[in-house]
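Morning, everyone. Please look at the next slide, and I will walk you through it.

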Amino acid sequence: MAKTQAVAPAPKVGFVSLGCAKALVDSERILTQLRAEGYEFASDFGGADVVIVNTCGFLDTAREESLSAIGDALAENGKVIVTGCMGATPELIRNVYPNVLSITGPAQYESVVDAVHRAIPRPHDPWADLVPPQGIKLTPRHYAYLKISEGCNNRCSFCIIPQLRGNLVSRPAGEVLLEAEKLVTSGVKELLVVSQDTSAYGIDTKYAASMWKDRQVKAKFLDLCKELGELGAWVRLHYVYPYPHVDEIIQLMADGKILPYLDIPFQHASPKVLKSMRRPAASEKVIDRIASWRKACPDMTVRSTFIVGFPGETEEDFQYMLDWLQEAQLDRVGCFRYENVSSADSNNLEGHVAEEVKEERWNRFMEVQQEISASRLQKRVGKTLDVLIDSVTEEGIVGRSKMDAPEIDGVVHVTSKGRVLPGTIVKVNIDDSDEYDLYGSIKAAT
Ligand code: SF4
């Protein structure tokens, strides 16, 4: 009689993912690799054999949050592997927590997986077939971030990302498209294209072509957008800078191939402050460009982020930005108070702005933008919009139109007489709006 052998339970990994969408993609890659090797995941620190903390090091507040997550994981578990942006300055972590097992910087997937192997041996059976082809996603099933490059060639004075992640390294177009196709096949309805500088895609490889299906596709912003537009999902572009070649993709938006949505982090409007920030494409005539984009594609949503209280920002510079905002009439805007980041060049600039002045400017900025946002949303009332449903709970149905990126923009609050499922795209009649959100009822599921 054959003897049955007891199978040892698979070792469990706990995971904390902090920071931006780029860090989230790193987390997904690490989790996918570990799952492919047969590791399982624990929902709490206590139930894990080791914990990985993917840190964020962008702002000092993010560093504090990262350090606190490491502290919690050490207290509750004891075996902690640290990776991510804050891992690029390991001494800051070691000074506080000398007992962490290993520290690596961003996108160092192999090193993280090696550290896991050392902490808890790899299971005997790799169980590769347990991993879905699209990998492990931390986002809901119906949308996913698609990272097209790592690093950045710009040197904005307030930012240490190039120090942490290095210069631009673009992925081959064929590889990006294969990943995108797998995601769409697995049920993803919306692809969120991310990188540090999406419009610079391929500059580092001189737009090298790679195979996709039966053809060569160049690693070029326009060519990649064209191909992504053929996959049958919503394609949303983040972190685009207003370089002249961005005009080329507006037609794809007008033709409904990719979403009429541009996320351009302007950060300021005053030429003097932009120069001191060393922002890319700062000299382009942005107001005129936005007007021409809207002419070619009237449904275009322009989203941006700004910083108030940058060193040297005078009341005149700030007022210039408010006037610019009134003229630009951007649809979606986020605003941050300037924060010193250790080792950023902007720390050494003169004219640091007092905290209470930053606060006062932030409030004035938000007041102006809320009015603009409310009036732009008001224009959608009476229209019928496609809405991708994100959640259906006892509190209600919440989705997003083509104007709204997850996490950072507003939402559409939906009522429906019939059943509606998350991940479906429905037609919604918009009957009300406020500063950030729309309200409407479902017309018909598509
Ligand atoms: S574009 Fe500027 S802010 Fe963005 S990652 Fe590059 S250096 Fe940092």
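This is a predicted model: local features need pLDDT of at least 70, side-chain atom pairs count only at pLDDT 80 or more; totals for chains, interfaces and linings use all residues.

Residues are numbered from 1 along each chain as its sequence is written, and side-chain values use heavy atoms, without hydrogens and water.

Confidence. pLDDT is the predictor's confidence in each residue, from 0 to 100. The chain has a mean of 88, and 93% of its residues reach 70 or more. Residues 1-6 sit below 50. That stretch has zero contacts (heavy atoms within 4.5 Å) beyond near neighbours in sequence.

Now the ligand. Which residues surround the ligand? They are C152, N154, C156, F158, C159, I161, P162, Q196, Y241 and R279. Near means a heavy atom within 4 Å. Seven of this shell are nonpolar, two polar and one charged. By class, Ala, Val, Leu, Ile, Met, Phe, Trp, Tyr, Cys and Pro are nonpolar; Asp, Glu, Lys and Arg are charged; the others, Gly among them, are polar.

Last, the second largest pocket. A pocket is an open set of points, on a 1 Å grid over the protein atoms alone, where a 1.4 Å probe fits, with protein on both sides within 12 Å along at least five of seven lines; lining residues have an atom within 4 Å of a point. Of its 25 lining residues, L259, P260, D299, D386 and K402 are closest to the centre. The lining has 12 nonpolar, six polar and seven charged residues.
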